[in-house]
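Colleague: I would like to learn how to read the sheet and the helix packing in a model like this one. Could we go through it together?

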Amino acid sequence: MTSKGNRIKLKEAYRKVNEKFESVLVFHVGESAGFFSEYNCMILVMLYCLQHKIQFKLYSRDANFGYEKGWTDFFESFCKEEDSRWHHWINMRPTGSWLTILKKKDFNLFKWKLKKSICNLVAKGWKFCHPNIYLTQDVWNQALLRDQRFCKYDIPELNIKGDISQACKVLVEITWGYRGDINDKLHDYIRNLQLNNDFISCQIRAGDKYIEYDLLSINIYIEYLKKYPDIKNVFVLTDDYSVIMQLETAFPQWNWYTLCGDNEHGYVHAEFKQNSKIKRREQLIKFFASIEIMHLSNVFLGTVTSNPSIFSSLRDPYKTCFVDYDKDVFSFVLS
């Protein structure tokens, strides 16, 4: 784990390297997707910008996870932020082809695509007046190209010298720093859980994940847990308390821990976005506490189809194990 002092030095070094580039990318974080979908892609775009000597800036004023300022509601600043409201309308993820949208025969999706297409036309006009500023959609496909995983990165000022995994780990160290008040709240959750030093963590997802992928059976996780016979404490990141009830009933030989409340029955991102800013803040603080508990575990068992698990592989590549994927995670993440 990087100490706070080392992380501050690394962050300062990043600012110096980043701010000497003349061309600028403004990355719109929290634009539409879940937090770790946005964050993981941000890390890959940051790496692309370093590779191509483009200064990376954030726009997070309207972030769907924010409640006042955006990124700095939870985290320390690591780069310059753009504040122009233009980015709310013109700066976005790619929206997919019209053919893909029309095949789904969803009128609301059609209206959304039409609105985004109009915004993209406005973005082209804005770009004509700002030729040295890139928007998220300008570099998205290049930053997430499969070829990126074969690159070798050498940025001595940031201690980056290696493959994409090593480079992303450094960028996580630079960006992943909570505000002091948020950090205190996370430690309250962790202390109250009273987990000992040796434990395994895992993510078992329910909620709206079934829309994208088939949900995994808990038995897959049990087979992996059996590989660690001396560790009987297991922390579970889940969005559905019925998962914990199943585990406690079927596998009492393990001690099961979670921060999931007994009234939680699956995360749905569309519902999360409808919550009040205060409720979203409290939900995210508890969620981030679970992320930190995963970070403290001996081993993390995740699923490659869920972004918190992918984040763990970026942050802790040597102790993250995917129960449903035995190849390099970037072969799944990059298109």
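Colleague: In what order do the three strands of the open sheet come?

Modeller: This is a predicted model, in which local features need pLDDT of at least 70 and side-chain atom pairs count only at pLDDT 80 or more, while totals for chains, interfaces and linings use all residues. Residues are numbered from 1 along each chain as its sequence is written, and side-chain values use heavy atoms, with hydrogens and water left out. The order is β2-β1-β3, with parallel pairing, where two strands pair if DSSP finds at least two bridges between them; helices (H or I, at least four residues) and strands (E, at least two) are DSSP runs, numbered from the N terminus. Five bridges join β1 (residues 24–28) to β2, and three join β1 to β3.

Colleague: Which residues of β2 lie on each side, and are they buried or exposed?

Modeller: In a regular strand, side chains alternate between the two faces of the sheet. In β2, Gln-55, Lys-57 and Tyr-59 lie on one side and Phe-56 and Leu-58 on the other, and all are buried (under 20% relative accessible area, with exposed over 50% and partly exposed in between; 1.4 Å probe, protein chains only).

Colleague: At what angle do α7 and α13 pack?

Modeller: Two packed helices are described by the angle between their axes and the distance between the axes. Here α7 (residues 164–175) and α13 (residues 307–315) pack at about 100°, with axes 7 Å apart; axes are lines fitted to C-alpha atoms, for helices over the stretch in contact, and angles run from 0 to 180 degrees between N-to-C directions. The two helices are therefore roughly perpendicular (65 to 115 degrees; under 35 is roughly parallel, over 145 roughly antiparallel and the rest oblique).
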